[in-house]
Amino acid sequence: HSEYMARFKPDNAVELYYDSTKKLDTQSWGIDVTGTVQCDQLTLLDNEGIKLGTGTDFQIFHDGSHTYLDNYVGNVIFRKDNNEIFLKMVEDGAVELYHNGTKKAETTADGLTINGVTVSTGNIQINNDTGKVRLGASQDLEIYHDGSHSYITNAGTGRLYINADQINLHNKAASENMLKAVADGAVELYYDNS
C-alpha cells in the first residue's frame with residue numbers, strides 16, 4: 001500500500017499524514033504544520049511568544065511582568081469582519097479611535113484631535129500657565145491664565161457676546177455682587193455689595 005500514515009526518518013524528521021497528505025513534520029527548529037491547528041488551550045511560558053507573518057513581523061509575548069504586541073512592518077488595525085475599524089495604530093504616526101466605523105479621535109504631532117462632542121464626567125484641566133482653551137475655526141476665543149491673571153480674549157474679528165436672562169458678576173468668594181444685569185430690567189452696579 002503506497003499511502004503513508006506516519007514516517008520515521010532516522011536522524012531526521014517524523015512525519016504524520018492524513019489521507020496521504022502530510023500534516024505535521026518535525027524540523028531542527030521545531031514542528032511544521034500544514035492546515036489548521038485546533039486545541040483546547042495553548043500555554044506559553046514567559047518570554048515565549050506567537051510570531052505571525054512570513055517574516056515573523058507581528059509578535060505577541062509576555063515577559064513575566066508585561067504583555068507586548070510587537071509589529072515590525074505596516075500598521076496595526078483592530079477591526080470587525082475584515083471591515084469596520086475599531087482601533088488603528090499607524091506606523092510612525094497616529095493612533096486612531098473609531099466608533100461604528102467613523103474616526104472619532106487621533107493623536108497628532110501637536111497632541112490629540114477629536115471629531116465630535118467631548119463629554120467629561122470630571123474636570124478638564126490645563127496644568128500649566130501657558131496653555132489656553134481656544135475655540136473657533138481660527139481659534140478666535142481664548143480662555144487662559146498666565147500665572148498671575150485670568151483672561152477671556154476675543155482674538156478674532158467681531159464682538160464678544162455673553163447671552164443670558166440675568167448676568168451677575170461676583171467677587172471670587174461669590175459672596176458680594178459687583179454687577180447685575182436683568183433682561184427687560186435694570187442694570188445694577190455695586191460698591192462693597194451695595
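The model is predicted, so local features are given only at pLDDT of at least 70 and side-chain atom pairs only at pLDDT 80 or more, while totals for chains, interfaces and linings use all residues. Residues are numbered from 1 along each chain as its sequence is written, and side-chain values use heavy atoms, with hydrogens and water left out. Strands are DSSP runs of E with at least two residues, numbered from the N terminus. Two strands are taken to pair if DSSP finds at least two bridges between them.

Strand S14 covers residues 141-145. Its covered face carries Glu142 and Tyr144. Leu141, Ile143 and His145 lie on the uncovered face. In a regular strand, side chains alternate between the two faces of the sheet. S14 pairs with strand S13 (residues 132-135) in the antiparallel sense, over four bridges. Within this pair, glutamate 142 of S14 stands opposite arginine 134.

Leucine 141 has asparagine 154 in S15 as its bridge partner. S14 and S15 again make a hairpin, here with four residues between the strands. Glycine 147 in that turn has a positive phi of about 100°.

Further along, three strands form an open antiparallel sheet in the order S16-S17-S18. Strand S16 (166-170) and strand S18 (187-189) are the edge strands, and each pairs on one side only. The twist averages 5° from one strand to the next, where axes are lines fitted to C-alpha atoms and angles run from 0 to 180 degrees between N-to-C directions. Three bridges link S17 to S18 in the antiparallel sense. Leucine 179 has leucine 189 in S18 as its bridge partner.

Asparagine 177 lies in strand S17 (residues 177-182). Leaving aside neighbours within four places in sequence, asparagine 177 is in contact with Asn168, Leu169, His170, Tyr190 and Asn193; contact means heavy atoms within 4.5 Å. The side chains of asparagine 177 and histidine 170 make a polar contact at 3.1 Å. Such a contact is a pair of N or O atoms within 3.5 Å; within protein, one must be able to donate a hydrogen and the other to accept it, and residues adjacent in sequence count only if both atoms are side-chain atoms.

Glycine 35 is found in the loop between strand S4 (30-33) and strand S5 (49-52). Glycine 35 counts as exposed because its relative accessibility is 57%; exposed means over 50% relative accessible area, with a 1.4 Å probe and protein chains only. Glycine 35 and lysine 22 are 13 residues apart in sequence and 9.7 Å apart in space, C-alpha to C-alpha.

Key
Buried < 20%, exposed > 50% of the residue type's maximum accessible area, 1.4 Å probe, protein only.
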